[in-house]
Amino acid sequence: MKLKLNYKEMPLLPYIQRKELPAKPGIYYIGNSAVPVMYVGLSRNLKSRHINHHRQGQFEGIENAVIRYRILTENFLATISDLSKTLRKLEKDAIDYYKPPINDTPVPNQPKFTTVHGPTYIQIHKAKEAGYCTHFEAGDGDELTINSSRLPLVTRAIEEQRPIFLIASGYYKDYEISGYPHLSELVAYKKDRIYLLISRFIPYGCEESNCFGYDYVVYGGNSKIFFNPYIILNGRAGFDEFKGSYLKLGFTNCERSPFVSELLSLGDFKLPAPL
């Protein structure tokens with residue numbers, strides 16, 4: 001079963017009426033009569049996504065802006081096994097076809113990424129769950145999942161635009177079963193629990209979800225994906241202390257750990273000089 005993504009066949013609302021969107025998963029386009037598809041996006045909950053979209057100010061500046069959308073019907077959902085992967089595929093197909101001009105532009109007035117002061121957050125997922133970040137080829141999207149007990153921390157991270165690091169945890173066999181490529185990089189750690197740094201991003205929102213049994217999905221931009229090669233944390237100076245103190249808590253603020261400076265320096269980050 002195919003989903004019709006021709007903008008001419010999609011229902012639409014004036015952008016100012018976006019709160020009337022259905023609370024269902026789907027694809028959406030932002031535009032107007034002159035340029036019907038200026039931006040393409042996805043969400044598990046269209047209504048929730050547009051209550052506080054990270055590009056809301058940009059969309060509101062479009063003259064006579066409308067939002068076109070296509071929900072995933074129950075019949076369509078019954079034919080798929082991975083909602084996140086399906087939404088990403090639909091979004092990519094629409095972007096490739098329409099080449100929307102806003103998608104590849106920076107978010108206006110987005111705070112600069114600073115790391116010298118303030119909280120730094122991490123989330124540990126099992127290897128299979130971290131595979132949820134099939135955003136290895138994406139730069140913006142559904143970055144991680146958390147339980148409701150950690151929502152206040154996520155809310156603070158969103159408000160303060162603080163960095164979040166996602167770390168995968170598992171044995172070699174777990175990564176093998178979960179379909180991770182480049183397994184040769186992990187062979188040397190076959191006897192150990194292997195910790196991989198998956199991504200760093202700046203969160204801009206979250207919404208309810210049941211992905212992998214978690215309560216919320218967190219959206220992020222300004223992403224850095226650590227994939228080729230993998231960044232293996234095992235054996236790095238200070239990691240044992242960091243692991244013992246922070247990698248058993250789920251989503252947490254780890255700014256007190258000396259290992260944070262190591263996390264922030266990975267991936268060719270250039271830290272600004274202290275104020």
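Which residues point one way from S2, and which the other way? In the predicted model described here, local features need pLDDT of at least 70 and side-chain atom pairs count only at pLDDT 80 or more, whereas totals for chains, interfaces and linings use all residues. Residues are numbered from 1 along each chain as its sequence is written, and side-chain values use heavy atoms, with hydrogens and water left out. Gly26, Tyr28 and Ile30 point one way from S2, while Ile27, Tyr29 and Gly31 point the other way, and all are buried, a term that denotes under 20% relative accessible area, with exposed meaning over 50% and partly exposed the range in between (1.4 Å probe, protein chains only). In a regular strand the side chains alternate between the two faces of the sheet. Strand S2 is accordingly described as mostly covered, with 6 of its 6 residues buried.

The chain as a whole contains 9 helices and 11 strands, both taken as DSSP runs numbered from the N terminus (helices H or I, at least four residues; strands E, at least two). Of its 275 residues, 51% count as buried. The accessible surface comes to about 14,000 Å², and 50% of that surface belongs to carbon and sulfur atoms, as computed by the Shrake-Rupley method with a 1.4 Å probe, where for residues only the protein chains shown count as cover. Among contacts (heavy atoms within 4.5 Å) with a separation of 6 or more, 72% are accounted for by residues 24 or more positions apart.

Strand S2 belongs to an open sheet of 4 strands with antiparallel pairing and the order S1-S4-S2-S3, two strands being treated as paired if DSSP finds at least two bridges between them. Strand S1 (12-14) and strand S3 (39-43) are the edge strands, each pairing on one side only, and the twist averages 25° from one strand to the next. S2 is joined to S3 by 5 bridges, with Ser43 in S3 as the bridge partner of Gly26. Between S2 and S4 there are 6 bridges, again in antiparallel orientation, and here Tyr28 stands opposite Tyr69 of S4. S1 and strand S4 (residues 66-71) are joined by 3 bridges, Pro14 having Val66 in S4 as its bridge partner. Helix H4 (residues 83-98) lies across strand S2 (26-31) and S3 and runs at about 175° to S3, where axes are lines fitted to C-alpha atoms, for helices over the stretch in contact, and angles run from 0 to 180 degrees between N-to-C directions.

The structure holds 15 aromatic pairs, defined for rings of Phe, Tyr and Trp (its six-membered ring) whose centres lie within 6.5 Å, with planes under 30 degrees apart counted as stacked, over 60 as edge-to-face and the rest as tilted. One of them, Tyr15 with Phe59, is edge-to-face, at 5.7 Å centre to centre and 80° between the planes. This pair links distant parts of the chain, since Tyr15 lies in the loop between S1 and S2 and Phe59 in helix H2 (residues 56-60), 44 residues apart. Both Tyr15 and Phe59 are buried.

In helix H8 (residues 239-246), the buried residues are Phe239, Phe242 and Tyr246. They lie on the same side of H8 because they cover an arc of only 65° around the axis, the arc being that of the directions from the helix axis to the C-beta atoms. Their cover includes strand S5 (121-126), strand S7 (164-170), strand S8 (194-208), strand S11 (252-253) and helix H9 (260-265). Phe239, Phe242 and Tyr246 also form one aromatic cluster together with Tyr195 and Phe259.
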